[in-house]
Amino acid sequence: MQVARRLRFRNKIALAPMVRVGTLPMRLLALDYGADIVYCEELIDIKMVQCRRVENELLRTVDFVAPDERVMFRTCRREQDSVVFQMGTADPERALAVARLVENDVAAIDVNMGCPKEYSTKGGMGAALLSDPDKIEAVSTFGSHRGRASPEHLQETVQLAKRIEKTGVAAIGVHGRTKEERPQHPVHCDVIKAVVEAVSIPVLANGGSLDLVKSHSDIESFRSATGTSSVMLARAAMWNPSIFRPQGMLSLEQVMDAYIRHAVRYENHASNTKYCLCQMLRERMESPLGKLLHAAQTNAEICEAFGLGDFYRDTQEWLKVQQETLHANAGSPRSLDQPTLDGDVVTMPVKFIRREYPPQITPKMCLLEWSRREKLEQPSYETVRRPLDRAFQSTVTVAGKKYRSSMWWKSKKYAEQSAAIVCLRTLGLPEGRSGEEGVQIVGKRKREESDTAAHQRPTMLLTLSSSQYSVGACI
């Protein structure tokens, strides 16, 4: 595979891979300010291998979507020749499968051998790979690699770098600390320099944010101290991405404004938007602006806190127009939520979101009570578990017909609730959402069962009225 050959790693300044930071808005902002290369956050092979590639016509992005419909990786044409996909892996076969999945949408692929955090090392990934040279060689058949220095074992570090180079990788990134060291420890520029002198491929120096790089002019000093051809920045760029700007850094207010605009334009998840802004504000989180940000839960609320409410509303209106145009051009107003047949099973891509329902009401309850009123057999649920990721999918049978959500869930209960929603929506029945028209909590009473006293128990009656049905759900 020649994925990395599209990108040249000499004389570059890069946004380093950072968990929860290296998402699309931050990568685009770094490119805006002058970064040559941008790394995405580490993405684990076992999660990525389950994804499907989706061309998002509305956002004009390419999305890699997990079975539960979460977007694991989002990219766009703007960064196609600059973005490096960083993978967490310890399995050569899975690594190759993921590389083949993303190869046409990224400029290079990087295997993480530097992350010292437990979530990476416990699976044999990240810095844990450094103790298994044979496995490193097995997964080093493509892309670039990023690892950690070891001044106590300098010769071993150099020999490992040479061994990796022989696999044909395009570049090596070296973080100038050991896997036991943390940001407060000084960076070992001498070890990075030793690796540079031992290999002929480009080396990217990493780890100087706290000690050496506080402004754009410091980048060249770090490059000189390590002897590398290229430098990657992590925390310095996380605190203020305009450090990539040759003309000088901008104020945080300007930077955060620009970041939010990218986040809204590309529908970044609000929790991720908030996290990145918190990293920029740092010690200013106790300021009035910081408190507003802390209280914000959605991108709309974040925009209001930063005086970008009009921008948010204008963007949402623009996206709505784009969506309507796409539907019109497709020649059909058919919604993605319309039921479709998969064999003899009615399916829809439905999510069960617990907070959208009253505490004591669920779609399964609504479906059960409707079945009782219609004198049908009780709904039956058949749930299967997928071995690859142990996720659940459930099919409910009602009146001889089967209904299923096309999504997979970590929770068996949520899989069953999703199946119930598909049935209720297909039949045109209310499902019990909070604020749903016709929903009224009547109160507690004993369920009246004339056939047997054994069925008597305290209940909550939910009355759901539609044009055709009145549904009561017992708890």
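# Cores, sheets and rings in a predicted model

Modeller: Let me begin with methionine 48 in this predicted model, which touches Leu43, Phe64, Met72, Phe73, Phe85, Val98, Leu101 and Val102 when residues up to four places away in sequence are not counted.

Biologist: And which residues touch the most other members of the largest nonpolar core?

Modeller: That core has 94 residues, and those touching the most other members are Phe9, Met48, Phe85 and Phe244. The largest share of the core comes from helix H10, residues 252-265, which contributes seven residues. As a general point, nonpolar side chains in soluble globular proteins tend to be buried together.

Biologist: What does the second, separate core include?

Modeller: The second core has 19 residues and is separate, and Val346, Ile361, Val398 and Cys423 are included in it.

Biologist: OK, switching to sheets: in what order do the five strands of the open sheet come?

Modeller: The order is E13-E14-E17-E16-E15, and the pairing in this open sheet is mixed. Strand E13 (340-342) and strand E15 (380-385) stand at the edges, and because each has a single partner strand, one side of each is left without a neighbour in the sheet. On average, neighbouring strands of this sheet are turned by 30° against each other, with direction ignored.

Biologist: Which way do E15 and E16 run, parallel or antiparallel?

Modeller: E15 and strand E16, which covers residues 392-398, run antiparallel and are joined by six bridges. As one case that you can look up in the structure, valine 384 has glutamine 393 in E16 as its bridge partner.

Biologist: Which helix packs on that sheet, and which strands does it touch?

Modeller: Helix H15 packs on the sheet and touches E15 and E16, and its direction makes about 15° with that of E16. H15 spans residues 363-373, and its buried residues include Pro363, Met365, Cys366, Leu367, Glu369, Trp370 and Ser371. After H15 comes lysine 375, whose phi is positive, near 60°.

Biologist: What about E17, how many bridges join it to E14?

Modeller: Four bridges join strand E14 (residues 345-348) to strand E17 (residues 401-405), and these two strands run parallel. Here valine 346 has tyrosine 403 in E17 as its bridge partner. E16 and E17 are also joined by four bridges, but they run antiparallel, and threonine 395 is partnered with arginine 404 in E17.

Biologist: How many residues lie between E16 and E17 in their hairpin?

Modeller: Two residues lie between E16 and E17 in the hairpin, and alanine 399 in the turn has a positive phi of about 50°.

Biologist: Now the sheet with three strands: what is the order there?

Modeller: The order is E4-E5-E6, in an open sheet with antiparallel pairing. Strand E4 (52-56) and strand E6 (71-76) are the edge strands, each pairing on one side only, and the twist from one strand to the next averages 25°. E4 pairs with strand E5, residues 61-65, over five bridges in the antiparallel sense, and within that pairing valine 54 has aspartate 63 in E5 as its bridge partner. Helix H1, residues 24-33, packs on this sheet by touching E5 and E6, with its direction at about 25° to that of E6.

Biologist: New topic: how many aromatic pairs does a search of the whole structure find?

Modeller: The search finds five aromatic pairs. One of them joins phenylalanine 352 and tyrosine 357, with 5.3 Å centre to centre and 35° between the planes, and it is tilted.

Biologist: Which charged ends sit over rings?

Modeller: The charged end of arginine 20 sits over the ring of tyrosine 275, at 3.9 Å from its centre, while that of lysine 364 sits over the ring of tyrosine 381, at 4.6 Å from its centre.

Biologist: Last one: where is serine 242, and what is it in contact with?

Modeller: Serine 242 is in the loop between helix H9 (235-239) and H10, and at 0% relative accessibility serine 242 counts as buried. Leaving aside neighbours within four places in sequence, serine 242 is in contact with Tyr33, Gly248, Met249, Leu250 and Val255.

Terms used:
Residues are numbered from 1 along each chain as its sequence is written. This is a predicted model: local features need pLDDT of at least 70, side-chain atom pairs count only at pLDDT 80 or more; totals for chains, interfaces and linings use all residues. Side-chain values use heavy atoms; hydrogens and water are left out. Rings of Phe, Tyr and Trp (its six-membered ring) pair if their centres lie within 6.5 Å; planes under 30 degrees apart count as stacked, over 60 as edge-to-face and the rest as tilted. A charge sits over a ring if NZ of Lys or CZ of Arg is within 6 Å of the ring centre and within 35 degrees of the ring normal. A nonpolar core is a set of buried Ala, Val, Leu, Ile, Met, Phe, Trp, Tyr and Cys residues joined through side-chain atoms within 4.5 Å. Buried means under 20% relative accessible area, exposed over 50%, partly exposed in between (1.4 Å probe, protein chains only). Contact means heavy atoms within 4.5 Å. Two strands pair if DSSP finds at least two bridges between them. Axes are lines fitted to C-alpha atoms, for helices over the stretch in contact, and angles run from 0 to 180 degrees between N-to-C directions.
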